[in-house]
Amino acid sequence: MAPSDPARKTDTWSASTYNDTASFVYSQEYTFPVLQLLDAKPGEKIIDFGCGSGELTLKIQEHVGDAGLAVGFDNSQSMIDKCKANGLQNAFVGDAQDLHVPEELEAYAQGGFDAVFSNAALHWCKRDPRGVLDSARRLLRPGGRFIAEMGGFLNCIGVRTALHQVLRTRGYNPVELDPWYFPSTEGYQSLLESCGFEVKTISLLPRVTRLPGPLMDWLRLFARPYFMAGMSDQEAEEIMLATQDVCSVDCRDSQGRWTMMYMRLRVAATIQA
């Protein structure tokens, strides 16, 4: 998913690069549990926050069938263009932190949606995590479901630390540059409850994630446009190479294959009656 930041004028995401570098994000192996938790039923209306290139939204559409509706929103035009090319016509550019349905969907939105779903997206909503939940509450019917999986506390451990260290040695403030929001279960449950949700289940789940290529590819996709925005390509490459070198101790095996430790926060909540 593209980070939801309306202040960012340029779409820094490329759907084709994302699909080449991070297709594991929507793989069957990694997404089956959260889709099972959603348990989409025929006839339901479901919104996907941060749909990316639409692979999971299309699966949801299959479950809800012709009598239902699956809608995808993402902050990246490139991702939405790819969604439509993949066959998802109900796909729109939108910021999950302040999301309103477009006019063509207003009739469907009457009475509210049955569920808001999100996978591997909400950790990009650092600017206003509460805004995401306010958007979901506004769009859901009474008793509607909020089902999400995102990066949680300890996500990308090691790699994130190395990025911060390398940037700090060059005089940058990595806390200001860091685009990620990785909450703990306690912190996110408290936020959900303060927004009127009843938490049914919430947990942190470690996931060993094999990268399809070197760590540099991952850094260029997920870190370069944010931690190193405004830097020259040369300086950005130097920072990423230094980060990769630090991480090679823990993240590269004897065969040269790269692996990261992901920590996923998975949650199911409902709007309180």
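Contact here means heavy atoms within 4.5 Å of each other. The legends below describe a predicted model, in which local features need pLDDT of at least 70 and side-chain atom pairs count only at pLDDT 80 or more, while totals for chains, interfaces and linings use all residues. Residues are numbered from 1 along each chain as its sequence is written, and side-chain values use heavy atoms, with hydrogens and water left out.

View 1. Leaving aside residues up to four places away in sequence, Ala268 touches Leu37, Phe146, Ile147, Glu198, Val199, Lys200 and Thr201. One of these, Glu198, lies 70 residues from Ala268 in sequence, with 8.7 Å between the two C-alpha atoms. Because its relative accessibility is 6%, Ala268 counts as buried (buried means under 20% relative accessible area, with a 1.4 Å probe and protein chains only). Strands, like helices, are DSSP runs numbered from the N terminus (H or I over at least four residues for helices, E over at least two for strands).

**View 2. The buried side of helix α3 (residues 55-64).** Leu56, Thr57, Ile60 and Val64 are the buried residues shown in α3. They cover an arc of only 100° around the axis, and therefore sit on the same side of α3; the arc is that of the directions from the helix axis to the C-beta atoms. After α3 comes Gly65, which has a positive phi near 70°.

**View 3. Helix α7 (residues 159-169) against α12.** The two axes, lines fitted to C-alpha atoms over the stretch in contact, come within 9 Å and cross at roughly 140°, on a scale that runs from 0 to 180 degrees between N-to-C directions. α7 and α12 are therefore oblique to each other, a term for angles that are not under 35 degrees (roughly parallel), over 145 (roughly antiparallel) or 65 to 115 (roughly perpendicular).

**View 4. Helix α10 (residues 215-222) against helix α12 (residues 233-251).** Here the axes come within 10 Å and cross at roughly 135°, so α10 and α12 are oblique to each other. Leu215, Met216, Leu219 and Arg220 of α10 meet Glu237, Met240, Leu241, Thr243, Gln244 and Cys247 of α12. This contact has six nonpolar, two polar and two charged residues.

Methods
Ala, Val, Leu, Ile, Met, Phe, Trp, Tyr, Cys and Pro count as nonpolar, Asp, Glu, Lys and Arg as charged, and the others, Gly among them, as polar. Buried means under 20% relative accessible area, exposed over 50%, partly exposed in between (1.4 Å probe, protein chains only).
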